[in-house]
Amino acid sequence: MNQQQWHHRESYTFDRNVIAEIRRAANTGIYRIRGWGAKRELPTFDDLVFLGASMSRYPLEGYREACATDLVIGEGRAERPVRLAIPITIAGMSFGSLSAQAKEALGRGATAAGTSTTTGDGGMTAEERGHSETLVYQYLPSRYGMNPDDLRRADAIEVVVGQGAKPGGGGMLMGQKINERVAEMRTLPEGIDQRSACRHPDWTGPDDLMIKIIELREIVDWQVPIYVKVGAARPYYDTCLAIKAGADAIVVDGMQGGTAATQDVFIEHVGIPTLAAVPESVRALKELGVHREVKLIAAGGIRSGADVAKAIALGADAVSLGTAALIAIGDNDPALDEQYRELGSAAGFWEDFQAGNDPAGITTQEPELASRLDPELAGRRLANYLQVLTLELQTLARANGKSHVHNLEPEDLAALTVEAAAMARVPLAGTEWIPGDS
Amino acid sequence: MTTSIDLSQVTLRELNKRLHETDEGRFVVRNPRGAHALAVGITTPVTVDVEGSVGYFCAGMNMTGTVRVDGNAGTGLAENIMSGLVRITGNATMSAGATGHGGLVVIEGNAGARCGISMKGVDIVVGGNVGHMSAFMAQAGNLVVLGDADHDLGDSIYEAEVFVRGKVASLGSDCVEKEMTPQHLDTLSRLLEAAALPAGTMSAGTMSAEPGDFRLYGSARELYNFHVDDVDAAAAAKGKP
Ligand SMILES: Cc1cc2nc3c(=O)[nH]c(=O)nc-3n(C[C@H](O)[C@H](O)[C@H](O)COP(=O)(O)O)c2cc1C
């Protein structure tokens, strides 16, 4: 076929990928369930730039002058606030979706970098607790494996209301990954396609959440901070309500956020991008007078020190990484390209975290596959990656004259697109125009 | 040793802290005045007797303790109970025994909606009726209802079992009536016995019922796995493209 003919051109509306998906749906009668996050093009932090120093702004010396990165969460309310060396945390990813080796690697890497890691929809494992100096314990609608001993072993508790990949959807773990250990931890029959609850079983709405937070604080004798995690749906209102409910930190996860297994239609079509969500949460924090006191953790599509710096400049206190952390420990490694191809994908494209056959040994419960991941080496890779993000973050902060990364501010930014200017509420580059602000 | 605590004099924080620091003994709590999060996170074999009604999440996450309430309870009574006993003489609001992993919850009166939601091994005995969507997504354990059950009982239920003596307004998705085997009758007799109070005590005999009068409900297991068709394979078998 000669591609260069008008009557052979590919349809923009029905391109080859769309046609393939229609054929797949017609063959199977089931929607596509997959891992990873939204794959389509979205407004991102790439649409913002830092202005840097100039005649009126002094930069700091790149290697010599201090640029602090530390962060404390829950001070004043919790007996043992969370103290992090860097404002970059590892997001909640369940044992079950990830292998025990992967969880260990995340714990090792985060601990070496001085930051926290987080459990997920499946309870706390000994491996994870043992290798994570600071471990955040998720309190999810499913309550799989929830118990007071683990709750008291945690360094913080994160009440999960939603996730960016699927605000309004519960956890999913396909039968291939529900082996004996996972089934037992979740009190479920082996091999079922597990779809966890999407609503908490014993509270509905913000007034109940306030009482729930008091209950959790009472159970742990007010020792540790309480976070509330929401998918970026209505971040202004959700942040207001989480503050009112008494949260010490709010995690806002944008629509790019990764997942272990979710319907493709949910991943690509529900929620708003991280870039749009952060300023809305910050507006809530400022209006209620608790900005930088109640902490904001932004998640969803964070890849580089630039993303971290921009999220912080818009008013977040920290960020959280899912997908990038998995890549750092070996997900989609080009060395495994042939094996990814055998699975009908290729290194750099593989998204089937739900399938349980991960050649990198990360998103699997197959002992042979999982044993391929060396938790010590993988942990070192993660620690290195976190160090690079931190160095990049400091480079940008110093360039803007900041001795602490939390001094970055929206005034340090300009937007490259009208959309980003409107969402981030910073001026379009080269103008003083913020769409919507007259 | 019995310690008396008056919640009009002592804060909730002080009460819970004392309960967490004690290994044994009996506490009598007066003037609970509907307090939320009362006696939560007990992990020792203490006994707490509450004289009056309580708010949300009373005895939440109870492990090995005994908490008895002479009154009514708000939302989430004994939520996520691990073991031990929680018993109330009155009615419980929504989500009683939610996500409980073990132990026994006895509600002498009625329970509201979603009683036993996502239960994971707890046994719950209700003297009266239960509200709609009780045993929703219930994973393991037994819910025994001496009265009636409202709509959508056992919706999306997993391996938990529900025994109802009265009428069931409707069953939820994938919940069906099942045949009562001798083992089921044994389980039921054991639970009715465990829930009954000895003669001469407060509300003695409230839980007496004949196991033979109950019907059993559980999962049809049709929602356990996604149904995936394979038309390509069928086409190949027919020699069609
Ligand atoms: C494999 C995997 C498993 C996840 N499991 C959970 C979970 O159990 N609970 C949860 O709140 N979020 C879960 N998430 C979402 C992450 O916590 C986080 O919000 C998201 O990954 C952030 O976006 P990013 O992947 O673009 O960094 C998971 C994500 C991935 C990739």
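1. Two residues are in contact if their C-beta atoms, placed from the backbone, lie within 7 Å. On that basis, the contact takes 25 residues from chain A and 40 residues from chain B. On the side of chain A that touches chain B, α1 (16-28) and α6 (205-219) each supply at least two residues. The largest share, six residues, comes from α6(A).

2. This is a predicted model: local features need pLDDT of at least 70, side-chain atom pairs count only at pLDDT 80 or more, and totals for chains, interfaces and linings use all residues. Residues are numbered from 1 along each chain as its sequence is written, while chains are lettered from A and ligands numbered from 1 in the order in which they are written.

3. Now the strand β12(A). Helices (H or I, at least four residues) and strands (E, at least two) are DSSP runs, numbered from the N terminus. Five of the five residues of β12 (residues 249-253) of chain A are buried, so the strand is largely enclosed by the rest of the structure. Buried means 20 or more other C-beta atoms within 10 Å of the residue's own, with C-beta atoms placed from the backbone. Ala249(A), Val251(A) and Asp253(A) point one way from β12(A), and Ile250(A) and Val252(A) the other way.

4. Next, its partners. Strands pair if DSSP finds at least two bridges between them. β11 (residues 226-231) of chain A pairs with β12(A) in the parallel sense over five bridges. Val228(A) has Ile250(A) as its bridge partner in β12(A). Five bridges also join β12(A) to β14 (residues 295-299) of chain A, again parallel. There, Asp253(A) has Ala299(A) as its bridge partner.

Definitions and conventions
Buried ≥ 20, exposed ≤ 12 C-beta atoms within 10 Å, placed from the backbone.
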